[in-house]
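Student: I have a sequence and a set of coordinates on the screen. Could you show me how to read them with care?

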Amino acid sequence: MGIGGKSIEEALATLEDMTAGAVPVGRDEHLARIAKAQAYMQREGIAAVYLNAGANLLYFTGTRWYASERMVGAILPATGTLEYIAPAFEHDTLKDFMLVDGPVNCWEEHESPYRLFVDVLARMGIKPDEASPPRVGICESAAFFIYDGIRPLAAGYALENARAVTAHCRTRKSRAEIALMQRAMDMTLAVHVATASILREGITTAEVEEFIARAHRKVGASGSYFCIVLFGPATAFPHGVSYVQTLKGGDTVLIDTGCKLHNYISDITRTYVYGTPSERQRFVWNAEKAAQQAAFEAARLGVPCEEVDAAARRSLEGNGFGPGYKLPGLPHRTGHGIGLDIHEWPYLVGGDKTPLDVGMCFSNEPMICVPGEFGVRHEDHFYMTEQGPAWFTQPARSIDDPFGLRG
């Protein structure tokens with residue numbers, strides 16, 4: 001139900017702006033994030049962390065700046081005021097983008113930002129000490145050239161990955177973050193429903209991708225943050241193929257897409273059949289649904305992330321898939337964290353022993369790949385509450401009624 005039957009314009013007419021009332025994360029929450037990070041740094045003995053342009057700088061300061069070949073970021077000490085570092089010619093622009101104010105330490109184009117970084121640490125009172133080097137975290141998303149520039153100038157400092165601090169804060173989403181993600185997920189699910197309705201024999205994956213971008217704009221996003229549309233045997237490739245496909249009767253259809261709302265990301269996959277499903281397609285579809293449900297039921301507070309992945313694999317193996325990563329079966333992890341980045345820590349995968357905690361958000365997508373035939377991925381996300389996991393979007397209903405249109 002809901003697959004085919006509408007023109008592009010008819011499908012777009014079913015959509016409307018869904019962003020009313022969605023409130024961006026405010027300055028007070030950013031200040032609370034900084035305070036939480038500083039308290040953690042003090043407990044763990046970390047003197048300072050460098051937050052590079054990108055998601056970490058945005059998370060803590062609200063300052064949107066894209067990483068480039070120039071060092072732009074912020075130095076967060078365990079105690080005291082956060083300070084920025086940027087090229088001198090970007091000073092006023094950076095101030096304009098700032099949500100959390102702080103001094104901007106500037107370097108001219110012929111000067112070393114890495115020397116400036118070390119000098120600012122010392123001025124902050126974080127001085128080099130060969131006997132007991134202060135621990136300084138470098139943003140895990142910073143390009144290697146930044147670490148490589150700092151390292152030879154940082155004698156007397158112990159440089160390390162800042163992930164312990166950034167992940168400690170970012171993995172546990174606030175109510176405001178979850179509300180934004182919920183709205184973004186709702187927007188993308190509405191786009192999925194509209195997209196299924198325009199399918200027709202002979203339509204190409206490129207045409208569907210173009211429609212999805214238009215549909216995301218109609219619900220209030222700037223467009224699709226990403227989009228994967230696959231038909232037939234190509235659906236067995238988790239992240240797609242290089243060529244355009246054309247839809248024909250009996251094809252498996254896999255669509256994976258998302259958008260951004262006030263910097264937070266949605267990511268939903270739906271798989272169904274254009275036409276009458278074969279018994280093989282029905283069996284695999286249902287096995288995938290069972291594995292997704294098994295993962296959800298395994299997600300309990302305090303349980304290691306890897307146990308959720310193991311539960312999905314046990315379900316798949318019970319239906320004859322795998323074992324492990326072997327095909328036909330699940331070739332990748334069961335899920336990933338999500339927030340400002342589409343793939344964040346922690347991960348639902350063997351070896352990740354992070355205990356599930358309130359506020360953690362994950363994809364649940366134990367995809368089944370059957371090479372040469374098709375693939376099925378049901379992808380919805382859940383977040384951890386005090387009572388356990390809660391879905392952002394309800395999983396697909398059935399292969400015959402994937403969007404639950406029968407009520």
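The dialogue below goes from the whole chain to single residues.

Tutor: This is a predicted model, in which local features need pLDDT of at least 70 and side-chain atom pairs count only at pLDDT 80 or more, while totals for chains, interfaces and linings use all residues. Residues are numbered from 1 along each chain as its sequence is written, and side-chain values use heavy atoms, with hydrogens and water left out.

Student: How many helices and strands does the chain have?

Tutor: Helices (H or I, at least four residues) and strands (E, at least two) are DSSP runs, numbered from the N terminus. Here the chain has eleven helices and 18 strands. Its radius of gyration, taken over C-alpha atoms, is 24 Å, close to the 22 Å that the globule rule (2.2 Å times the number of residues to the power 0.38) gives for 407 residues, so the chain is as compact as a globular protein of that length.

Student: Which share of the residues is buried?

Tutor: Buried means under 20% relative accessible area, exposed over 50%, and partly exposed in between, with a 1.4 Å probe and protein chains only. By that reading, buried residues make up 54% of the 407 in the chain.

Student: Is asparagine 56 buried or exposed, and what does asparagine 56 touch?

Tutor: Asparagine 56, found in helix H3 (residues 55-61), counts as buried because its relative accessibility is 1%. Contact means heavy atoms within 4.5 Å, and, not counting residues up to four places away in sequence, asparagine 56 touches Leu51, Cys139, Glu140, Ser141, Thr166 and Arg170. A polar contact is a pair of N or O atoms within 3.5 Å; within protein, one must be able to donate a hydrogen and the other to accept it, and residues adjacent in sequence count only if both atoms are side-chain atoms. One of 2.6 Å joins the side chains of asparagine 56 and arginine 170.

Student: Where are the cis peptide bonds that involve proline 323 and proline 346?

Tutor: The bond from glycine 322 to proline 323 is cis, with omega near 5°, and proline 323 has its place in the loop between helix H11 (305-318) and strand S12 (335-337). Another cis bond joins tryptophan 345 and proline 346, with omega about -10°, and proline 346 lies in strand S13 (residues 344-348).

Student: What is the phi of histidine 262?

Tutor: Phi of histidine 262 is near 45°, a positive value in a residue other than glycine, and histidine 262 lies in the loop between strand S9 (260-261) and strand S10 (264-265). Histidine 262 is partly exposed, at 32% relative accessible area.
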